[in-house]
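Please keep the sequence and the model in view while reading.

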Amino acid sequence: MPAVKFLRTLTLALAGLTPLAHALTPEQAAAIASGETDARIEALNQAAAAGDAQLPGFVRALLDGEVKVLDGRVFQMQGDKVVVAGTEQAVELPEAAEDVVNNNRMRGALEAALGALKLVSPDAKVRAEAVEELRKQSLDEAQLPLIEKAWAAESDAGLKSRLALMRATILVSSSDVAKRLAAAQALSASSEPAVKSLLQERLAPGVETDPAVRGALMTALDAVEGKLAWGERLGVLFTGASLGSILLLVALGLAITYGLMGVINMAHGELMMIGAYATFVVQNLFRQYLPGAFDWYIVLAIPVSFLVSALVGAALERSVIRWLYGRPLETLLATWGISLVLMQGVRSLFGAQNVAVENPAWLSGGVQVLSNLILPYNRLAIIAFAFLVLAGVTLMINRTRLGLFVRGVTQNRRMAACVGIPTARIDTYAFSLGAGIAGLAGCALSQVGNVGPDLGQGYIVDAFMVVVTGGVGQLAGTVYAALGLGVLNKFLEGFAGAVLAKIMVLVCIVIFIQKRPQGLFAMKGRSAEA
């Protein structure tokens with residue numbers, strides 16, 4: 001095959017290659033861009049072996065369709081100008097110039113040339129990109145000479161290790177038993193999911209017949225699976241912590257309102273929804289009026305979502321809930337009706353379909369900890385945000401005058417009223433605070449999922465379970481319960497699936513409440529004895 005010949009020729013030429021300095025000539029460019037495919041590939045081989053400095057740009061232009069030919073002259077488009085390929089001479093593009101046609105063989109040779117030239121680049125970043133591109137491709141023995149040469153010349157330890165794994169991946173299917181055995185032993189150091197799949201393919205019946213090589217492959221597979229298992233365990237722990245942080249945000253406001261006033265607020269999920277839609281509105285305003293600062297819309301969306309949800313909560317408390325204190329069933333029915341009104345109101349304003357909330361650029365992507373474990377930036381940000389909100393609420397409850405009044409009303413409402421605390425006003429403040437925290441939860445959820453009228457319905461039951469398990473009115477219990485239930489849920493999903501995991505978690509909570517009705521942290525003081 002010409003492509004194989006090209007790689008072997010290039011490998012031999014690279015043995016004594018110094019940094020690319022030779023200049024591509026117009027004649028070479030014409031030979032590569034026009035003529036029969038075999039002749040073009042041969043010309044490409046010679047240009048690559050000579051180490052042409054302009055060749056990578058010319059090859060990329062050929063692949064992108066930015067090269068035209070006319071009467072033996074080759075024209076290369078460079079942005080807004082056109083030059084004669086192999087020179088810097090700017091010219092007008094003739095109207096009769098024709099596009100260069102590359103068949104599959106030629107495109108394969110061009111791509112191989114481009115990758116080969118990147119592997120011997122003096123820039124470590126370019127070499128890393130080339131290695132990453134090769135790692136994603138299906139490698140065969142045609143690439144082996146090039147990879148071996150790049151592996152021998154590589155000075156970066158990380159890149160050298162990845163090239164060694166690529167080399168072993170190719171050699172594991174070699175016709176030489178000794179090479180297959182050495183490759184199997186080398187692959188045991190890998191932690192790549194692709195290597196696990198390769199080893200499993202080689203161990204399939206009838207593929208590898210040599211007993212020694214099969215034994216080495218089985219040993220390598222066990223080693224690779226052991227490394228990958230750590231990534232899977234850490235992934236379960238991270239997703240559990242991520243779910244727990246979301247549950248914490250959702251349940252934190254509910255813990256305040258339910259613990260302070262005994263109100264079963266079934267509209268708490270809709271207050272979250274309002275926070276998410278407030279984030280959507282802020283995003284659209286930034287996109288329309290401040291497109292240059294779009295990546296920072298979330299900074300303004302956080303306080304806006306808190307204030308909007310807090311104001312809605314205050315309106316609900318002053319108009320409806322204040323008349324229903326001490327009647328839990330009535331508050332449940334009333335807030336359930338309010339939730340339906342709020343959902344219909346959102347449908348009327350924004351439509352019944354979900355709306356898109358875009359992540360800022362700095363919350364997109366993730367950090368790769370292991371080969372099979374990537375931690376998304378938006379999830380990491382939500383975990384940090386949840387604990388910042390928790391720290392703020394804790395400081396407010398324990399270090400401010402308002403927090404002192406809230407604790408006093410929580411522990412003994414009548415005594416607090418007797419010493420002059422305005423309990424009705426504190427009720428409004430506390431309910432607004434809980435509603436505002438629900439809005440913050442909605443703002444956070446908008447970064448990891450769809451925003452729609454039913455956003456809060458999927459979390460309200462879980463939030464009540466967190467509050468009851470942690471202990472009514474106990475912030476510390478809410479933290480432990482949220483994180484514990486999040487990790488437990490994700491752990492059980494790996495064995496039983498999402499639906500059965502939910503059922504199992506519910507059964508565990510019921511058993512726990514039977515044994516400890518007051519939750520993880522029981523309320524202390526005289527109110528606990530009443």
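## A buried lysine and its partner

Lys68 counts as buried because its relative accessibility is 17%, under the 20% limit for that class. In this predicted model, the side chain of Lys68 meets that of Asp99 in a salt bridge, with 2.2 Å from N to O. Lys68 belongs to strand β1 (residues 67-70) and Asp99 to strand β5 (residues 98-99), so the contact ties together parts that are 31 residues apart in sequence.

## Other salt bridges

How many salt bridges does a search of the whole structure find? The search finds five. Side chains of opposite charge can pair when their charged atoms come close. One of the bridges is formed by Asp38 and Arg105, whose closest N and O atoms are 2.6 Å apart. This pair links distant parts of the chain, since Asp38 is in helix α3 (residues 37-50) and Arg105 in helix α5 (residues 104-119), 67 residues apart. Arg105 is partly exposed, at a relative accessible area of 36%.

Another bridge brings together the side chains of Arg318 and Glu317, at 3.0 Å from N to O. Is each of these two residues buried or partly exposed? Glu317 is buried, with a relative accessible area of 0%, whereas Arg318 counts as partly exposed at 32% relative accessibility.

Strand β1, which holds Lys68, runs antiparallel to strand β2 (residues 73-78), and four bridges join the two. Leu70 has Arg73 in β2 as its bridge partner. The hairpin of β1 and β2 has two residues between the strands, and Asp71 takes a positive phi near 55° there.

Strand β2 also pairs with strand β3 (residues 81-84), again in the antiparallel sense and over four bridges. Across this pairing, Met77 stands opposite Val82 in β3. The hairpin that β2 and β3 form has two residues between them, and Gly79 in the turn has a positive phi of about 70°.

## Aromatic pairs

The whole structure contains five aromatic pairs according to the search. Among them is the edge-to-face pair of Tyr277 and Phe280, with 6.5 Å centre to centre and 85° between the planes. Both residues lie in helix α12 (residues 268-289), three residues apart, which is about one turn of the helix. Tyr277 is buried, with a relative accessible area of 3%, and Phe280 is buried as well, at 12%. Ring pairs link Tyr277, Phe280 and Phe350 into a cluster.

Trp296 and Trp362 form a stacked pair, 5.5 Å centre to centre and with 25° between the planes. Trp296 lies in the loop between α12 and α13 (297-319), and Trp362 in the loop between α14 (328-350) and β6 (366-370), so the pair ties together parts that are 66 residues apart in sequence. Trp296 is exposed, with a relative accessible area of 52%, while Trp362 counts as partly exposed at 40% relative accessibility.

## Arginines over tryptophan rings

Where does the charged end of Arg233 sit? It sits over the ring of Trp230, 4.9 Å from the ring's centre. Arg322 lies over the face of Trp323, at 4.6 Å from the ring centre.

Definitions and conventions
Residues numbered from 1 in each chain as written. Predicted model: local features only at pLDDT ≥ 70, side-chain atom pairs only at ≥ 80, totals over all residues. Heavy atoms only, no water. Phe/Tyr/Trp six-rings, centres within 6.5 Å; stacked < 30°, edge-to-face > 60°. Buried < 20%, exposed > 50% of the residue type's maximum accessible area, 1.4 Å probe, protein only. Lys NZ or Arg CZ within 6 Å of the ring centre and 35° of its normal. Salt bridge = Lys/Arg side-chain N within 4 Å of Asp/Glu carboxyl O. Pairing = 2+ DSSP bridges.
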